[in-house]
Amino acid sequence: MNEPKGPITIDFESWLQANGYGEYDFARQDLGVIGSYGGRTYSNQPIDQIPIVFVHGNSDGALLDPQNTKWGTGWSSSIKYFTKQNYSSATLYATTWGDRITGNAYQRTHNCEVITRIRTFIEAVLEYTGAPQIHVISHSMGVAIARKAVRGGYIDADDGICNVGTSLRSRINTFIGISGANYGIHTYLSVERTCLTFNVLGMCQCSGGNITAIAPTCNKKNGFWPGEPCEIADSLTAPELCGGQTRACSRNAYSSLLQEMNENPINEGSFVFSFWSYNDDLIGFHDSVYGRPTSFVPFSNATRVIRGMNHMETKDKTPDIQYKLIKTHKF
């Protein structure tokens with residue numbers, strides 16, 4: 001099967017323009033055929049499945065970027081799989097947030113602009129399709145973005161304070177979070193003996209004592225700040241410091257936005273699932289952040305740990321799992 005191509009259909013774009021959504025540029029025409037996906041291919045095409053909204057992670061996008069096959073695979077694999085299961089573009093939706101430039105990843109946060117964009121896209125899909133509920137499938141940084149978009153409420157972000165709106169939980173049938181960073185994220189440079197966020201991309205220091213949160217994506221309000229360890233001693237190795245089970249002094253103090261969501265028991269949908277890999281090359285440490293499995297979405301109905309897949313493969317090689325979860329509500 002050929003790679004899926006966007007952008008969103010003429011029918012969906014016309015509807016968006018006519019119903020007050022034009023300013024959001026969900027088509028992302030600047031990205032050509034990889035910037036978005038979804039919509040009816042002809043007027044009054046039936047919606048014969050519960051629609052799905054896909055939310056990508058940092059530096060990724062709606063569809064596969066041929067120029068960035070490492071971090072820019074998009075939701076192409078999932079869309080191809082679901083299409084084979086008799087889903088049409090009228091029931092599969094994705095838009096790109098961000099510029100897809102990997103070098104800018106350290107600047108991105110869970111801010112008002114991005115979360116409001118995804119929230120509005122979800123609302124648009126619900127209104128356009130007329131579906132009583134939708135599914136949301138999210139990956140990486142997109143997990144927390146989608147969680148807050150669904151949960152609603154206020155955000156105290158680096159780009160201001162905003163109210164996303166009331167909870168959309170009753171409109172979400174199944175929420176899937178894949179390899180998210182719900183308790184922050186860090187990996188390490190053994191030479192510097194400090195915990196680093198996204199070290200695989202050479203970006204920023206998120207924890208490690210007095211020098212902390214030096215890049216926007218690490219910030220303590222709406223970034224990936226995982227908290228601080230109890231102590232930083234010369235006897236500690238970097239893996240012990242960053243991924244250890246016994247040094248969780250920061251358990252009750254980490255990114256404010258993440259902590260607020262994690263402690264609120266009103267979750268993201270009728271059914272919530274999360275899964276991740278112990279071989280994640282971005283998160284590292286068997287997914288442990290100061291003893292917490294950071295990809296665990298609190299109040300999930302069920303979780304699964306996958307072995308042998310890297311960060312992007314947990315999305316690109318699991319469409320069958322995604323499909324089973326929305327159809328059977330079990331792994």
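Trainee: Which elements do the buried residues of α4 pack against?
Mentor: This is a predicted model, in which local features need pLDDT of at least 70, side-chain atom pairs count only at pLDDT 80 or more, and totals for chains, interfaces and linings use all residues. Residues are numbered from 1 along each chain as its sequence is written, and side-chain values use heavy atoms, with hydrogens and water left out. The buried residues of α4 pack against β2 (52-55), α3, β4 (134-139), β5 (154-157), β7 (172-178) and α6 (256-262), where helices (H or I, at least four residues) and strands (E, at least two) are DSSP runs numbered from the N terminus, and contact means heavy atoms within 4.5 Å.

Trainee: And how many residues of α4 are buried?
Mentor: In α4, 11 of the 11 residues are buried, so the helix is largely enclosed by the rest of the structure; buried means under 20% relative accessible area, exposed over 50%, and partly exposed in between, with a 1.4 Å probe and protein chains only. Among them are the charged-side-chain residues R147, K148 and R151, and just after α4, G152 takes a positive phi of about 75°.

Trainee: How do α3 and α4 cross?
Mentor: The axes of α3 (residues 112-129) and α4 (residues 141-151) come within 8 Å and cross at roughly 65°, the axes being lines fitted to C-alpha atoms over the stretch in contact, with angles running from 0 to 180 degrees between N-to-C directions.

Trainee: Which residues meet there?
Mentor: From α3, V114, I115, I118, R119 and I122 meet I145, K148, A149 and V150 of α4. That contact divides into 7 nonpolar, no polar and 2 charged residues, where Ala, Val, Leu, Ile, Met, Phe, Trp, Tyr, Cys and Pro count as nonpolar, Asp, Glu, Lys and Arg as charged, and the others, Gly among them, as polar.

Trainee: Changing topic, where is Y278, and what does it touch?
Mentor: Y278 lies in the loop between β11 (271-277) and β12 (288-289), and is partly exposed, with a relative accessible area of 27%. Leaving aside residues up to four places away in sequence, Y278 touches H286, V305, I306 and R307. The C-alpha atoms of Y278 and M309 are separated by 7.8 Å, although these residues are 31 apart along the chain.

Trainee: And what about the protein as a whole, how many helices and strands?
Mentor: The protein has 8 helices and 14 strands, and 59% of its 331 residues count as buried.
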